[in-house]
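Hello,

I am handing over a structure for you to look through. My notes on what was found follow below it.

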Amino acid sequence: MTLWNSLPGKAVILFVYAIIANFALASASGLVNSITGVSANALPYSHNFALILMVPSWFFVTTMLGLVGGMLLIIFYLFFLLLLKPFGVARFWHPKHYRFATSTTLARLAWTLGVALQLGVLAGQVGLLSEFSSESANPLISIENVTENELENGEAQLTKEQAEDISELEKDLTTLLTITVQEVKKPACSNLHAGF
């Protein structure tokens, strides 16, 4: 709240949300691509609809992860409290009448870890965590990638029968193209007489 009440703080928060929106845009593009197998630029309405569906969940999950991450800093706070206790240093950020600082900190830490676990499950369901995996969601794209990699590595060797089939197909295509070119070059009058 203190950060939001200052103008630079608002700028920083809005900048962070702009970065999150950019990630949501890329995630929506990847979702459309994985479902259809084509670029999201070819389907702008689907891309925009996927973005509208994904932005709220991205904002909610990333905000909650940020808040939980801030709460996990309590671990370091508790560690410093325990290190400074033998030296008689007063507890930081607590008034003198504040009781049970260590036990309440441990309770907060346990609940924060539980919430972080639930948020991790939610982030996996939303698709936030799958964005950082290298596996492709579309099996067709995976097959194309494997085939391209095999061709680049020289692992895909043609058998003798496949080579013969390809050569026969090339001969048939060459013959078909030759006949088509000859038909196009014939004068129009000969085509008219041939029709009568």
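**Overall picture**

The protein chain has an accessible surface of about 15,300 Å², and 69% of that belongs to carbon and sulfur atoms. Accessible areas come from the Shrake-Rupley method with a 1.4 Å probe, and for residues only the protein chains shown count as cover. This is a predicted model, in which local features need pLDDT of at least 70 and side-chain atom pairs count only at pLDDT 80 or more, while totals for chains, interfaces and linings use all residues. Residues are numbered from 1 along each chain as its sequence is written, and side-chain values use heavy atoms, with hydrogens and water left out.

The secondary structure consists of seven helices and zero strands (DSSP runs numbered from the N terminus: helices are H or I with at least four residues, strands E with at least two). Of the 196 residues in the protein chain, 15% are buried (under 20% relative accessible area; exposed is over 50%, partly exposed in between, with a 1.4 Å probe and protein chains only). Among contacts (heavy atoms within 4.5 Å) with a separation of 6 or more, 55% are between residues 24 or more positions apart.

**Confidence**

The mean pLDDT (the predictor's confidence in each residue, from 0 to 100) of the protein chain is 75, and 74% of its residues reach 70 or more. Confidence is highest in helix α1 (residues 7–36), at a mean of 87, and lowest in helix α7 (residues 188–195), at 51. Over residues 136–143 pLDDT stays under 50, and the model has seven contacts beyond four places in sequence for them. Where pLDDT is low, the predicted coordinates should not be read in detail.

**Helix α3**

Helix α3 covers residues 74–84 and includes Ile75. Ile74, Tyr77, Leu78 and Leu81 are buried in α3. These four lie on the same side of α3 because they cover an arc of only 95° around the axis (taken from the directions from the helix axis to the C-beta atoms).

Ile75 is partly exposed, at a relative accessible area of 39%. With Leu73, Phe76, Phe79, Phe80 and Leu83, Ile75 forms a nonpolar patch on the surface, with about 620 Å² of accessible area together.

**Thr112**

Thr112 is in helix α4 (residues 101–126). Thr112 is buried, with a relative accessible area of 7%, and touches Val68, Met71 and Leu72, not counting residues up to four places away in sequence.

Regards

Terms used: Patch = residues over 30% accessible without salt bridge, like charges linked within 9 Å, V, L, I, M, F, W, Y side chains within 5 Å. Salt bridge = Lys/Arg side-chain N within 4 Å of Asp/Glu carboxyl O.
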